Amino acid sequence: MTMDRRRFLAVGGALGVGLTAGASPARAQGRGTGSAGADSVRAFPARQRGWRAAPPDWQALRQRLGDRLVLPADPGYGTARLGFNELNDGQFPGAVAKCASADDVRACLDVARGHGIPIAARSGGHSYLGYSVPDRGLVIDLRAMNDVRVRPDGSAEVGVGARLIEVYAGLAAAGRLLPGGSCPTVGIGGLTLGGGIGVLARKYGLTCDRLTAAEVVTADSCVLTADAEHESDLHWALRGGGGGNFGVVTRFTFDTPPAPGLTVIVLPFPAGSVPQVLGAWQQWVADAPPELWASCQISGGNPPTCKIVGCWVGDPSGANQQVDRLVRLAGTAPTGRTVAAKDYLAAMKFMAGCANDTIAQCHPVWEGGRLTRTGFVAVSRMFGPGPLDPARLTELMTGRTGVDLLLDSLGGAVGEIAPDGTAFPHRDSLASAQVYAAATPATEDRVRATVDEIRDGLSRLGAPGAYVNYIDATLPDWGRAYYGANLPRLQQAARHYDPDGVFAFPQSVTAA
């Protein structure tokens, strides 16, 4: 669930994406190498000394795309090149191609392939490391492919560049839902391809679990449909294998359930109660019916503080019963209690921090909305099937002012699929853990060191895995952390669909 965490935390405090995640369908496609045991991975390493390649013929691509190809000297380049994380603003693509169809993507690949430049597709632009904005490379910008169409049978065709708020609004108009993240500006592409941890996951599964088919442009410019009967290995890999490894996805087909009434929950707890609340929260979500999803959000300090933000599939009476159970387990009363009925779209807007905004306002400022960019460092771990020691975890956050630990519950429908049933391996995890802190270029190194210390402390406590949509340059053994035992099969799929490494990047499955 790639998301604007400052907005999410503000919502929770006032009453709160993701990705890839978010990221993009080819979220991490810079050139370079990486190793599973490396301490860090450079996003766009320098080329081998003496290596030469002719630059792409951008004018040939301009003949195809017209002014939808944006070069550094063109008006609008300064905005077109930007991703969400301001820390990546030092990356300057050689071109940004605003694609409106699979044929446009094919044209991009025909021109750029074989010239030794990084090629990255971008849906929402939320790649934490800016892999969807490759320096001196080509950005295949898919954000114009944002249509949402619900068929009579309840399935939905969704353009891969649609932002989550657009997906939710389109589905809600037809009385349907899709489980997904909470940040409204995250692209559906990166979120889905990395798994899609989100607000309704315990009841309806991950976003990728609802993916029945995908249209994909492969490295050789072929357009394929991947589903259970056609290109089934690719269909398997696209459900949690991460963006950027196998091709450029241009369209999804999702199975969407009917949208029921929901109830949102916000429970701030008093300072000093984190160990009790965290211990109770872990037991609470482990034993809860799948209708309950809840996030435990811990803010570092002396002492750390916490709140619970949740969603219940049903009416407030059922939600209040669940809240009462948590309070009994914690032995500590919250300082406030919000339990409010919402329809599906209103609940998603609430979680996005857009409760009082129009759909248009739930967009970035350069698209006419009111949501701004930010600079941040974020990393992740995945809790094991068992709980972590709440006292030791609280110690990790003590004194860490400005750092937040965001725990999103899993289980329920997520755990009903085998770890190798899709590429997403963390089916028995109790929760995902994201360590998040705002940063500027001047503070980035210091903030990253602190965030990494907490991440590694979580691993020692029993949370060794990691979520690829929270992609992390300094994660030890990242290939296994992201993909577990599914890594070899993913590598085989990547070699089959991209044998020449057109979409190679430092944290691709083949680099692991």
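Helix α5 (residues 164-173) packs against helix α11 (residues 344-352) at an angle of about 165 degrees, their axes lying 9 Å apart. That angle makes α5 roughly antiparallel to α11; angles under 35 degrees count as roughly parallel, over 145 as roughly antiparallel, 65 to 115 as roughly perpendicular and the rest as oblique. Axes are lines fitted to C-alpha atoms, for helices over the stretch in contact, and angles run from 0 to 180 degrees between N-to-C directions. From α5 the contact takes in I165, Y168, A169 and A172, and from α11 it takes in Y344, L345, M348 and K349, where contact means heavy atoms within 4.5 Å. Helices (H or I, at least four residues) and strands (E, at least two) are DSSP runs, numbered from the N terminus.

This is a predicted model, in which local features need pLDDT of at least 70 and side-chain atom pairs count only at pLDDT 80 or more, while totals for chains, interfaces and linings use all residues. Residues are numbered from 1 along each chain as its sequence is written, and side-chain values use heavy atoms, with hydrogens and water left out. The mean pLDDT of the chain (the predictor's confidence in each residue, from 0 to 100) is 90, and 90% of its residues reach 70 or more. Over residues 1-40 the pLDDT is below 50, and this stretch has 209 contacts in the model beyond near neighbours in sequence. Residues 42-52 also have pLDDT below 50, with 24 contacts beyond near neighbours in sequence. Where pLDDT is low, the predicted coordinates should not be read in detail.

L262 lies in strand β10 (residues 262-268). L262 is buried at a relative accessible area of 1%; buried means under 20% relative accessible area, exposed over 50%, partly exposed in between (1.4 Å probe, protein chains only). Leaving aside neighbours within four places in sequence, the contacts of L262 include L200, W312, Y344 and M348. Y344 and M348 also belong to the α11 side of the packing with α5.

D104, in helix α4 (residues 102-112), has a relative accessibility of 3% and counts as buried. Its side chain makes a polar contact with the side chain of R68 at 2.8 Å. A polar contact is a pair of N or O atoms within 3.5 Å; within protein, one must be able to donate a hydrogen and the other to accept it, and residues adjacent in sequence count only if both atoms are side-chain atoms. R381, in strand β14 (residues 376-382), is buried at 4%. A polar atom of the R381 side chain lies 2.5 Å from the backbone oxygen of P464, and the backbone oxygen of R455 lies 3.4 Å from a polar atom of that side chain.

Most residues other than glycine have a negative phi, and most peptide bonds are trans. The peptide bond from N302 to P303 is cis, with omega near 0 degrees, and P303 sits in the loop between β11 (292-299) and β12 (305-313). E231 has a positive phi, near 50 degrees, and D477 has a positive phi of about 50 degrees although it is not a glycine.
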